[in-house]
Amino acid sequence: LRPVELENGDLWTALERRAARFGARLRLPVPRPELSSATELAAYRTVGEALANAGRHAPDAPMTVTVAVVEGLLRIEIRNDLPAAASRRAAGIGIDSMRARAEELGGHAEAGPHGNEWRVAVTLPLG
């Protein structure tokens, strides 16, 4: 099932709304690439899960979502300040589902501490 936000609009508007709900800074590619519906859904779900996790584990930390096209692939990166307990926390279902969703499409996902930030980085095929 596709989320209502994707059924009633496009991915880019849906991501703008999702980022605004969490107060995240959003950077989108220009021009916006054409994506398969599977890639749109994976991108939407990934950003939503990453923002929800950041909101839960680091509620006051600024969040940044960057979506770009790099070497013919969709690259999504979500960053927020590293919460103190993050380095001790094991990966949960949300991170596992992001990885599985990316791998189903031939992409890749990783999440974890990166310097003084928590970073989720996902690469998906465009089509």
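What covers the buried residues of α4 includes α3 (37-57), β4 (108-114) and β5 (117-125), where buried means under 20% relative accessible area, exposed over 50% and partly exposed in between, with a 1.4 Å probe and protein chains only. This is a predicted model, in which local features need pLDDT of at least 70 and side-chain atom pairs count only at pLDDT 80 or more, while totals for chains, interfaces and linings use all residues. Residues are numbered from 1 along each chain as its sequence is written, and side-chain values use heavy atoms, with hydrogens and water left out.

The buried residues of α4 are Gly 94, Ile 95, Met 98 and Ala 102. They cover an arc of only 100 degrees around the axis, taken from the directions from the helix axis to the C-beta atoms, and therefore lie on the same side of α4. An α-helix has 3.6 residues a turn, so residues three or four places apart point the same way. On the other side of α4, Ile 93, Glu 103 and Glu 104 are exposed, and just after this helix Gly 106 takes a positive phi of about 90 degrees.

Turning to α3, its buried residues, among them Thr 39, Tyr 44, Val 47 and Leu 51, pack against α1 (4-7), α2 (11-22), β2 (63-70), β3 (73-81), α4 and β5, contact meaning heavy atoms within 4.5 Å.

As for confidence, the chain averages a pLDDT of 90, and 92% of the residues score at least 70, pLDDT being the predictor's confidence in each residue, from 0 to 100.

Technical notes
Helix = DSSP H or I, 4+ residues; strand = E, 2+ residues; numbered from the N terminus.
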